[in-house]
Amino acid sequence: MKNIIVTGGAGFIGSHLVKALLLDGHRVVVVDDLSTGKSSNLPSHPNCHLFEVDIVDELALAHLFESERPSLVYHEAAIASVQKSIHDPVRTSAVNDQGAKHVFELAVHVGSEQIVFASSAAVYGEDPRLPKRETFEPTPLSPYGFQKWQNEKDAARLAKKSGVRFTALRYFNVYGPQQDPQSEYSGVISIFVDRILNDLPLTIFGDGGQTRDFVNVADVVQANRSVQRVGGGFNVFNVGTAQETSLLELVHHLYMIENQAPNVVFQPRREGDIHRSVADIGQLMSKTDYSSNVHILQGLQALVSAIKLKNNE
Ligand code: UD2
């Protein structure tokens, strides 16, 4: 049994990860400011402990790390929105940049063995080469992408200095149950599913030809668990499916699942929006037992069923 801190553990990805870690038999301390996360995302479990702390609050965080002394830290807390990072770069930088640095430094300070953290495909920006490989020099388009890249540089520096293992996971477009469709940080899939189930039209920003590597949260959890066995130093891995899906294909899948005629409105492309994105996952697959197990169609079907079930509760 490990003592694990998960920052952002009450959020969408974090809470799925927490549940899996509890099933693995670990003690899990969740650090979350509950700004977008919800305590109701967490199971009531004797080994799960929630602390309402903002990672920008260095003193409160230091107190917690010193009393908990986790051997493993998962850092998932972030303002995970490209758009928000453009409109409010000060607050997003405080959380995504400074907050991450606090977490990394404190983990090293209290003797943690490994820090695994959420980076993002946003670091690749508009590099036209596909699939995106970890060896490409990052060229982010948005403050969010720069902040995640900065996290990686801080982690690499600290890993070198301290000998502690740091593992950056560059998440592609994560979707799945518990992703809040009402939040301004919502991913396109949760927004589209919610609108279709409420008979509302979908808005496509741009021509719908933009592509993403939509990865189910179950695969993301598996990636996080599998990197626990990765060797020393600083490592960075893409987390995706290696499958490229356009927005138009996504819309087609969703209306097909619901057996409805498409109802779509087009609006201009959004600032900072990348055109094509798909992951090379060779590194992660060769260094761990990760494989992407959830095909987009299967993941969408499961998501629609889960939301319908919840709406009927
Ligand atoms: C995602 C992540 C972001 C970062 C980035 C990496 C989310 C919410 N954001 O940003 O954290 O990791 O990937 O590149 O997962 N769109 C519409 N209509 C809508 C909503 C979105 O057309 O109602 C478009 C949007 O303009 C974009 C695509 O759908 O072209 C995907 O948008 P997104 O917000 O789900 O994710 P993205 O790739 O901007």
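Helix α1 and helix α7 cross in a right-handed manner. In this predicted model, the axes of α1, residues 12-23, and α7, residues 217-226, come within 9 Å and cross at roughly 60 degrees. Because angles of 65 to 115 degrees count as roughly perpendicular and those under 35 degrees as roughly parallel, α1 is described as oblique to α7. On the side of α1, the contact is made by F12, I13, H16, L17 and A20, while α7 contributes V217, V220, V221, N224 and R225. Sorted by class, the residues in the contact of α1 with α7 are seven nonpolar, two polar and one charged.

The model also holds an open sheet of seven strands, which are paired in parallel and follow the order β3-β2-β1-β4-β5-β6-β11. The edges are formed by β3 (48-52) and β11 (234-239), each of which has a single partner strand, so one side of each is left without a neighbour in the sheet. On average, and with direction ignored, neighbouring strands of this sheet are turned by 20 degrees against each other. Within the sheet, β4 (residues 72-75) and β5 (residues 114-120) run parallel and are joined by four bridges, and H75 has F117 in β5 as its bridge partner.

Two helices lie across strands, as the table sets out.

| Helix | Strands it lies across | Angle to one strand |
|---|---|---|
| α1 | β1 (3-7), β2 (27-32), β3, β4 and β6 (165-171) | about 170 degrees to β1 |
| α5 (residues 143-162) | β5, β6 and β11 | about 155 degrees to β5 |

Definitions and conventions: Residues numbered from 1 in each chain as written. Predicted model: local features only at pLDDT ≥ 70, side-chain atom pairs only at ≥ 80, totals over all residues. Heavy atoms only, no water. Axes fitted to C-alpha atoms, helices over the stretch in contact; angles between N-to-C directions. Parallel < 35°, antiparallel > 145°, perpendicular 65-115°, else oblique. Left-handed = near helix turned anticlockwise from the far one by under 90°. Contact = heavy atoms within 4.5 Å. Nonpolar A, V, L, I, M, F, W, Y, C, P; charged D, E, K, R; others polar. Pairing = 2+ DSSP bridges.
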